[in-house]
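Dear colleague,

I am handing over the structure we spoke about, and my notes on its salt bridges follow below it. Please read them with the structure open beside you.

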Amino acid sequence: DHHYTNPCILKLDWIYPPGETSFYLFYISDQDGDFDIYYRTYSTNGFSEPVAFTSTNSDEKNLRSNGATGLTWEYDGKILYSSIRNDGGGPYYFTDAVVVDSGNCKKPVLEAIPNGTIGEKYLAWEKEINDSSRVMLSQWDYAGDGWLRSGCDHSQRPRPGQYPLDNDHRL
């Protein structure tokens with residue numbers, strides 16, 4: 001028997017009129033031995049066959065989505081991120097996975113994207129540093145088109161200017 005866990009939906013509400021695909025259903029499964037990420041598209045014809053999104057030698061864990069365009073997950077102590085894009089009206093594609101942070105990282109979560117809006121904002125995760133758990137936070141850098149590399153440790157009060165968050169978002 002195979003296991004299917006961590007279901008996530010990417011629904012491209014900002015596409016109008018809707019195309020052939022209504023949404024993407026992502027999940028983690030051990031159908032090929034280790035736990036990898038798969039997805040199926042849903043359209044008026046029903047679900048597609050499963051497509052391997054990752055195929056690695058170790059297990060992917062804690063798959064999460066923002067509901068619209070972004071996915072994050074844990075792999076070998078790293079936090080990874082990928083999104084669906086459409087550059088200049090061309091075909092939709094998934095970006096290559098990027099490492100947001102590495103070294104004893106786990107349980108990522110993306111800020112949910114409300115219906116009818118686009119874009120990333122925040123990504124949080126746990127990180128173990130010197131036998132102590134920390135809550136890390138990264139903000140999307142629109143100018144650089146990626147996550148700010150200096151994930152802020154919000155287990156302690158940030159110093160002024162340490163991280164570009166307004167006072168209402170500090171823990």
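Which residue forms a salt bridge with Asp-145? The partner is Arg-85, and the closest N and O atoms of the pair are 3.0 Å apart; a salt bridge here is a side-chain nitrogen of Lys or Arg within 4 Å of a carboxyl oxygen of Asp or Glu. Because Asp-145 lies in the loop between strand S13 (132-141) and strand S14 (146-147), while Arg-85 belongs to strand S8 (residues 78-85), the pair ties together parts that are 60 residues apart in sequence. Strands (E, at least two residues) are DSSP runs, numbered from the N terminus.

This is a predicted model, in which local features need pLDDT of at least 70 and side-chain atom pairs count only at pLDDT 80 or more, whereas totals for chains, interfaces and linings use all residues. Residues are numbered from 1 along each chain as its sequence is written, and side-chain values use heavy atoms, with hydrogens and water left out.

A search of the whole structure finds 3 salt bridges. Another of them joins Asp-101 to Lys-127, with the closest N and O atoms 3.1 Å apart; this pair links strand S10 (residues 98-102), which holds Asp-101, with strand S12 (residues 122-129), which holds Lys-127, across 26 residues. Both Asp-101 and Lys-127 are buried, where buried means under 20% relative accessible area, exposed over 50%, and partly exposed in between (1.4 Å probe, protein chains only).

Lys-106 and Glu-128 also meet in a salt bridge, at 3.6 Å from N to O. Lys-106 is partly exposed at 27% relative accessibility, and Glu-128 is partly exposed at 34%.

Conventions
Helix = DSSP H or I, 4+ residues; strand = E, 2+ residues; numbered from the N terminus.
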